[in-house]
Amino acid sequence: MSSYLALLMFPALMAFIISGFPIAFSMIVVATLFGMIQFGDVAAYQLLTKIEDTASNSILAAVPLFIFMGAMLERSGIAERLFGAIHMWTHRLPGGLGVGAIVMGALFAASSGVVGATEAVIGMLAIPVMLKHHYSKSLMSGTICASGSLGTAIPPSITVVVLGPVAGVSVGALFSGLLIPGFLMAVMFLVYIIGVAYLKPEMAPRVEENEAAVEWPERLRITLVALVPTMALIFTVLGTILMGIATPTEAAACGALGSVMLALAYRNLNAGVLWHAAIKTMNISAMILLIVLGGSMFAGVFFASGGLATVQSMLMDTGLSPWMILGLILLIAFIAGFVLDLISVVLIIVPVAMPIVRMLGFDEIWFCVAFLVVLQTSYLTPPLAPAIFYLRAITPPEVTLRHMYRGVMPFIACQLVVLALVLAFPMIATWLPEVMSGPSWR
């Protein structure tokens, strides 16, 4: 098979996906068909090797552990208790309910790493309160979508755990590189919400003074009970990885155990909670790991068929500058994020893009951070924004898609500003990995 024929794998993959075939099976079928055409019976051995490589990848063991941790935080009521404590301090600020939702999103993202779970939990807790206080439906929609999307930009993120091995980059370095851009994005969201509430108070009315009156000692007690254990869990997971004390898999295991202990301490642990968390973990993990396997097979056949060399020569022959090639890669990732889930985009684009990025001399951690910011932006961008579909499932009928589309636009602008800053000032992404250069966990 001509190396140029390997490029047909991408249109074939999109044809399967558009026809409604599941993404994981689409990648497996395309890899099998093109592999048999190119290599004959040898392709079976090659594909079986990819299954073994995926099954033996110790970093991917962190995926079900992080998912279980997020499921436990959701099912045991810990997230609800944390939101109540945050709401108690922020509800009287301009846009206080929105501020509380963003803060909750940042904390929950830093303690679970699961994007969909973050948005669903925050939405179910915050939407009834915001509607009760007559928040603008567009501002409310954008806030919930943006807070949920922080699960991609704030470590530990499942997407990062998958991206690291695929890109050949340390997961710990990616976590530390993503930390500053992620929290910078959360700060920009907060500034926007407070600014809108200050300039247009009718969009985000303040909570009346006679509501939720809690004395200071009781307020501090509630905050400590809800916040300190959660911060300890975040340190157990994220702190140990950044300091090089634990691998991502070890930290995820500690986090999963910590979430069970928190549920036990809050007296919310029972057989039903454990069962639902385990079932959710099994369902989501099976989906993600099957997609990872399909992506590994697809990339293996594409590389062996000479597709990567063809793509490199085509890009070099265009005469584009390195920065223009980098922009083209990020643009393709952004467009792919419209129709594919984030992990599928990683598995399809990153294996092709990383050798090109290295050949052009760009820092690989910096590129991966910029790539993740682009993915988070596509996660919010209409018309096929996954964040909006998650929100649609938990909002009442009076909140329409028009409200959601209008609401996410300012937050997309905030994300694009962060992306511009990361591209213009690479130290935003590379400084912390250099300062906290512990063991380079893969």
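Buried means under 20% relative accessible area, exposed means over 50%, and partly exposed lies in between (1.4 Å probe, protein chains only). The model is predicted, so local features need pLDDT of at least 70, side-chain atom pairs count only at pLDDT 80 or more, and totals for chains, interfaces and linings use all residues. Residues are numbered from 1 along each chain as its sequence is written, and side-chain values use heavy atoms, with hydrogens and water left out.

Start with the aromatic rings. Rings of Phe, Tyr and Trp (its six-membered ring) pair if their centres lie within 6.5 Å; planes under 30 degrees apart are stacked, over 60 edge-to-face, and the rest tilted. The whole structure holds 10 aromatic pairs. One of them joins Phe10 and Phe302 edge-to-face, at 5.1 Å centre to centre and 80 degrees between the planes. Phe10 sits in helix H1 and Phe302 in helix H13 (residues 271-304), 292 residues apart. Helices here are DSSP runs (H or I, at least four residues), numbered from the N terminus. Phe302 is buried because its relative accessibility is 1%. Phe10, at 25%, is partly exposed. Ring pairs also link Phe10, Phe298, Phe302 and Phe303 into a cluster.

Now look at Trp323 and Phe362. Their ring centres are 5.4 Å apart and their planes meet at 75 degrees, so this pair is edge-to-face. Trp323 lies in helix H15, and Phe362 in the loop between H16 and helix H17 (364-380). Trp323, at 47%, is partly exposed.

Definitions and conventions. Helices (H or I, at least four residues) and strands (E, at least two) are DSSP runs, numbered from the N terminus.
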